[in-house]
Amino acid sequence: MSHHPDVKAFYDKRSFSVQYVVSDPATRLCAIIDPVLDFDEKSGATSTENADRILAWLEAEGLTPVCILDTHPHADHFSAASYLRAKTGAPIGIGEKVCEVQQLWNGFYNLTDAPEDGRQWDRLFADGDEFFIGEIPVRVMLSPGHTLASVTYVAGDAAFIHDTLFMPDSGTARADFPGGSARALWASIQRILALPEETRLFTGHDYQPGGRELRYESTVAEQRATNSHISQCLTEDDFVALREARDATLPMPKLILHALQVNTNAGRLPEPEENGRRYLKIPLDLLHAPWG
C-alpha cells in the first residue's frame, strides 16, 4: 500500500456520476475511469462536454493516459470510453463478464448481429489481473451484484468501487437490474472491506442526501464503521433482505434502456441509418415500473 496515486474527480450533475483520473506523480501517466458521454433524453442530443473537460485538464497538467477503464456497463449514463480512445489512442478496458451482459441485453434489444465476445474493448479483465499505471500497480477485483460485470480497480492505496458502496450516509448500490444479485453484492462488498483499512475508496455516484456537499471519497475503516446499510446488517441474509426490500421501492434509472445498448458496445453510438441519423431502440414492457 506504499503506492499513493493522485486522484482527480470530475462530477457530472446530470447523472450524479463521478469520473476519475488516477495518475502516477512520478511518471505523469494516468488512467481515466468511468468517463461520461453526455446525453439528454428529452431532446435526444449528445455531447462530449464531460469528456472534453477531462481532456483539457490532462493537457493542462501534462498527463498522458495509458488506459481508459469502465467499472461496468452503466445504466444511468453513456460511456465516453470509445470517444476518448479515438482522441488519445489509449486502450479501453472493462471486466470480462461484460460478454454475459452483452448476451443478456442484446437479446432484450433483439440485436441479433451484435458481437457478444467483448471485441469492442482492447482489454477484458479477469478477477486478479494486474497491470500498471506508470509505477502504480493495479489489481482487478471482480465485484458483481450491481451488475454481472462489475469490477473494482485497486490502484496502490486507492480503490475505484463505483456501484458497490456509496458514501456511508447513502449505503449500498441497488442489485435489481437484470443480472443483478443482492447476495453477490454482499460478497463483493466483503472483499472490498477486507482491503487494508486505510485504503481510499472512490465511489461512482453521489446523490448528496439532504443537500450536503459533494462527497465521493471514504476509507475502508469509515465504511466498516458507519455505512448506513452495512452497519445494521449482521449477516448476509440481513443484507439481502434490506437490499431487496429497498430495491422493490425504486424506479428504474431514467436512462437504463437508452444506455445499455450503447454501453454494451463500449460507448459507441448506433451506426447511422440510410438517412444519416442514429437511432436508439427502446424495448417496451421489459422492466418493472412501480406505478404507485
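These notebook entries record what I looked up in the predicted model above.

**Basis.** I worked from a predicted model in which local features need pLDDT of at least 70 and side-chain atom pairs count only at pLDDT 80 or more, while totals for chains, interfaces and linings use all residues. Residues are numbered from 1 along each chain as its sequence is written, and side-chain values use heavy atoms, with hydrogens and water left out.

**Entry 1: helices H3 and H7.** I took helices (H or I, at least four residues) and strands (E, at least two) as DSSP runs, numbered from the N terminus. I found H3 (residues 98-109) packed against H7 (residues 256-263) at an angle of about 125°, with the axes 10 Å apart. The axes are lines fitted to C-alpha atoms, for helices over the stretch in contact, and angles run from 0 to 180 degrees between N-to-C directions. H3 is therefore oblique to H7; angles under 35 degrees count as roughly parallel, over 145 as roughly antiparallel, 65 to 115 as roughly perpendicular and the rest as oblique.

I then listed the contacts (heavy atoms within 4.5 Å). Val101, Trp105 and Tyr109 of H3 meet Ile256, Leu257, Leu260 and Gln261 of H7.

**Entry 2: aromatic pairs.** I counted rings of Phe, Tyr and Trp (its six-membered ring) as paired if their centres lie within 6.5 Å, with planes under 30 degrees apart stacked, over 60 edge-to-face and the rest tilted. The count came to 13 aromatic pairs. Tyrosine 20 and tyrosine 216 form an edge-to-face pair, at 6.0 Å centre to centre and 70° between the planes. Tyrosine 20 lies in strand S2 (residues 17-23) and tyrosine 216 in the loop between strand S14 (200-203) and strand S15 (217-219), so the pair ties together parts 196 residues apart in sequence.

For accessibility I used buried for under 20% relative accessible area, exposed for over 50% and partly exposed in between (1.4 Å probe, protein chains only). Tyrosine 20 is buried at 2%, whereas tyrosine 216 is partly exposed at 25%. I also noted that phenylalanine 125 and phenylalanine 131 are stacked, because their ring centres are 5.1 Å apart and their planes at 25°. Phenylalanine 125 is buried at 5%, and phenylalanine 131 is buried at 12%. Tyr20, Phe160, Phe202 and Tyr216 form one aromatic cluster.

**Entry 3: positive phi.** Most residues other than glycine have a negative phi. I found arginine 28 with a phi near 65°, in the loop between S2 and strand S3 (29-33); arginine 28 is partly exposed at 30%. Aspartate 285 has a positive phi of about 60° and lies in the segment after H7. Aspartate 285 is exposed at 81%.
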